[in-house]
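Subject: Handover of a structure and notes on its contacts

Dear colleague,

Please find below the structure that I am passing on to you.

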Amino acid sequence: MAVIHPRALAVGAANEDLTPKDHFKTEDGVRFAGTRLLLDMWGAGHLDDPEQLGRAMKAAARAAEATLLHLHLHHFSPTGGVSGVAVLAESHISVHTWPEHGFAAFDIFMCGDAEPARAAKALREALRPSRIELPEQRRGVLPATMGEGDAR
């Protein structure tokens, strides 16, 4: 079953193409489903504060121009870590924190026009880590012989 993102539907224009988009993107001649960033933060603030982490994740979704569908965070104890996920129309941002080690692990995966690097930047600005690692992975890379409609 295909999920149609609201941005894929044109409203009010009789001659526009209303064909659902697959939200794959093409960069450097490579067609793929989306970009995944694994953002590891050390020395970040607010790692035991679900309200601050929630604000940071919402800001990250806005910065990426992604559509937030749902945010759920679980606080393990008053001084413990936080785990959660921001479910996006374009995929997700998840987090797991270990405040006792000053460490947070974010997984940012986005497809379509969303910009995961902007989400990572917003998270860095909100949480101010002293050190990060940010490897990038393209997910769902299509073989060079597949065209626009061949992946469905």
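Predicted model: local features only at pLDDT ≥ 70, side-chain atom pairs only at ≥ 80, totals over all residues.

Strand pairing

Strand E4, residues 68–75, pairs with strand E5, residues 82–88, in the antiparallel sense. Seven bridges join the two strands. Together E4 and E5 make a hairpin, and six residues lie between them. Within this pairing, the residue opposite histidine 74 is serine 83 of E5.

Salt bridges

Seven salt bridges were found when the whole structure was searched. Three of them deserve a description here.

In one, lysine 25 and glutamate 27 meet through their side chains, with an N to O distance of 3.8 Å. The two partners can be described by their accessibility: lysine 25 is buried at 12% relative accessibility, whereas glutamate 27 is partly exposed at 32%.

In another, the side chain of arginine 138 meets that of aspartate 28 at 3.4 Å, N to O. Arginine 138 belongs to strand E9 (residues 136–139), while aspartate 28 sits in the loop between strand E1 (25–27) and strand E2 (30–32), so this pair ties together parts that are 110 residues apart in sequence. Aspartate 28 is exposed, because its relative accessibility of 73% is over the 50% cut-off. Arginine 138 is partly exposed, with a relative accessible area of 27%.

These residues also belong together: a network of salt bridges links Lys25, Glu27, Asp28 and Arg138.

Lysine 25

Lysine 25 lies in strand E1. Besides its salt bridge with glutamate 27, the side chain of lysine 25 reaches the backbone oxygen of glycine 112 at 3.4 Å. Leaving aside residues up to four places away in sequence, lysine 25 touches Val30, Arg31, Phe32, Gly112 and Ala114.

Nonpolar core

The largest nonpolar core has 27 residues. Which of its members touch the most other members? They are Met41, Ile93, Phe106, Ile108, Met110 and Leu123. At least two residues of this core come from each of strand E3 (34–42), helix H1 (50–63), E5, strand E6 (91–98), strand E7 (103–111) and helix H2 (116–127).

Methionine 110 has a list of contacts that reaches several parts of the sequence. Not counting residues up to four places away, methionine 110 touches Gly34, Thr35, Ala64, Ala66, Leu88, Glu90, Ser91, Ile93, Glu115, Pro116 and Ala119.

Alanine 64

Alanine 64, one of the residues that methionine 110 touches, is placed in the loop between H1 and E4. Is alanine 64 buried or exposed? Its relative accessibility is 0%, so alanine 64 counts as buried. The C-alpha atoms of alanine 64 and methionine 110 are separated by 8.9 Å, although the two residues are 46 residues apart along the chain. With residues up to four places away in sequence again left out, alanine 64 touches Met110, Ala114, Glu115, Arg118 and Ala119.

With kind regards

Key
Residues numbered from 1 in each chain as written. Heavy atoms only, no water. Pairing = 2+ DSSP bridges. Helix = DSSP H or I, 4+ residues; strand = E, 2+ residues; numbered from the N terminus. Salt bridge = Lys/Arg side-chain N within 4 Å of Asp/Glu carboxyl O. Buried < 20%, exposed > 50% of the residue type's maximum accessible area, 1.4 Å probe, protein only. Core = buried A, V, L, I, M, F, W, Y, C linked by side-chain atoms within 4.5 Å. Contact = heavy atoms within 4.5 Å. Polar contact = N/O pair within 3.5 Å; in protein donor to acceptor, adjacent residues only side chain to side chain.
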